[in-house]
Amino acid sequence: IGVYLLEQEIHVERLFHRQATGTAADVFLADERVQFEAWGKQIQASLAAALQRVREGIEHAESKEDIVDYAQLEANLVRLGEEHREYQQYALPIFARQQEEDRDGALLLRGQLRQEEEDISRGIDSLMTQLEGLTDRSMATASRHEQHALHMGLVLAGVAVVAGLSWSLFIALRMTRPVKQLLGGTHAVRQGHLDCQVDISSRDE
């Protein structure tokens with residue numbers, strides 16, 4: 001929006017700094033006005049698209065804080081659109097004054113136009129500051145969510161390791177206990193205790 005506004009300002013300034021180029025004044029003024037109005041339409045289209053996105057953000061906001069932020073952003077965009085329309089209301093008559101060769105009238109409107117330019121610039125700066133704040137807050141929220149996810153991942157990994165080790169120990173004990181009993185019986189037989197019996201509790205020994 002700021003770039004488009006700058007383009008509009010350039011077309012107005014060219015009216016005051018025009019030098020004789022061999023082109024008829026009416027053609028030059030008509031061309032500058034067409035370009036000025038085209039940039040104005042770009043600004044209005046950009047503002048409308050931004051407002052649409054903000055309104056979608058309000059619809060999908062999950063917290064009251066987000067709704068309030070989006071509502072403030074919406075209000076600033078609406079105000080910026082109004083200031084731009086006022087800017088064009090001062091700028092367009094300058095083209096007519098130039099065509100009528102009313103330089104004093106054009107200069108008077110130019111002074112008022114500069115005030116409108118400053119108002120729009122302040123509005124854009126305010127909007128950018130608000131967007132930076134929203135971006136910073138969103139990044140902080142994302143960072144908190146990332147830290148929480150990392151913490152939960154570590155906890156789940158720890159639980160998985162403990163569960164895996166417990167299961168492995170259980171399986172190892174279950175498999176080695178019959179082998180140890182069999183070895184104990186073999187050792188007893190080797191020492192001469194021929195009446196030693198090994199209890200069989202499963203069919204896989």
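The model is predicted, so local features need pLDDT of at least 70 and side-chain atom pairs count only at pLDDT 80 or more, while totals for chains, interfaces and linings use all residues. Residues are numbered from 1 along each chain as its sequence is written, and side-chain values use heavy atoms, with hydrogens and water left out.

**Helix 1 against helix 4**
- The axes of helix 1 (residues 2–16) and helix 4 come within 12 Å and cross at roughly 165 degrees; axes are lines fitted to C-alpha atoms, for helices over the stretch in contact, and angles run from 0 to 180 degrees between N-to-C directions.
- Helices here are DSSP runs (H or I, at least four residues), numbered from the N terminus.
- Helix 1 and helix 4 are therefore roughly antiparallel, the term for angles over 145 degrees.
- Their crossing is left-handed, meaning that the near helix is turned anticlockwise from the far one by less than a right angle.

**Helix 3 and its two partners**
- Helix 2 and helix 3 pack at about 170 degrees, with axes 10 Å apart, which makes them roughly antiparallel.
- The contact of helix 2 with helix 3 divides into 19 nonpolar, eight polar and seven charged residues.
- Helix 3 and helix 4 have axes 9 Å apart and an angle of about 165 degrees, so this pair is roughly antiparallel too.
- Helix 3 passes helix 4 in a left-handed crossing, and their contact has 16 nonpolar, nine polar and 12 charged residues.

**The largest pocket**
- About 410 Å³ of space lies in the largest pocket, a volume being the space filled by probe spheres set on grid points joined across faces, edges and corners.
- A pocket is an open set of points on a 1 Å grid over the protein atoms alone, where a 1.4 Å probe fits, with protein on both sides within 12 Å along at least five of seven lines; lining residues have an atom within 4 Å of a point.
- Its lining has 21 residues, with Val54, Tyr70, Leu73, Leu131 and Leu134 nearest the centre.
- Helix 2 (25–60), helix 3 (64–99) and helix 4 (103–190) each give two or more residues to this lining, and helix 4 gives the most, with seven.
- By class, the lining has 13 nonpolar, four polar and four charged residues.

How values were computed. Nonpolar A, V, L, I, M, F, W, Y, C, P; charged D, E, K, R; others polar. Parallel < 35°, antiparallel > 145°, perpendicular 65-115°, else oblique.
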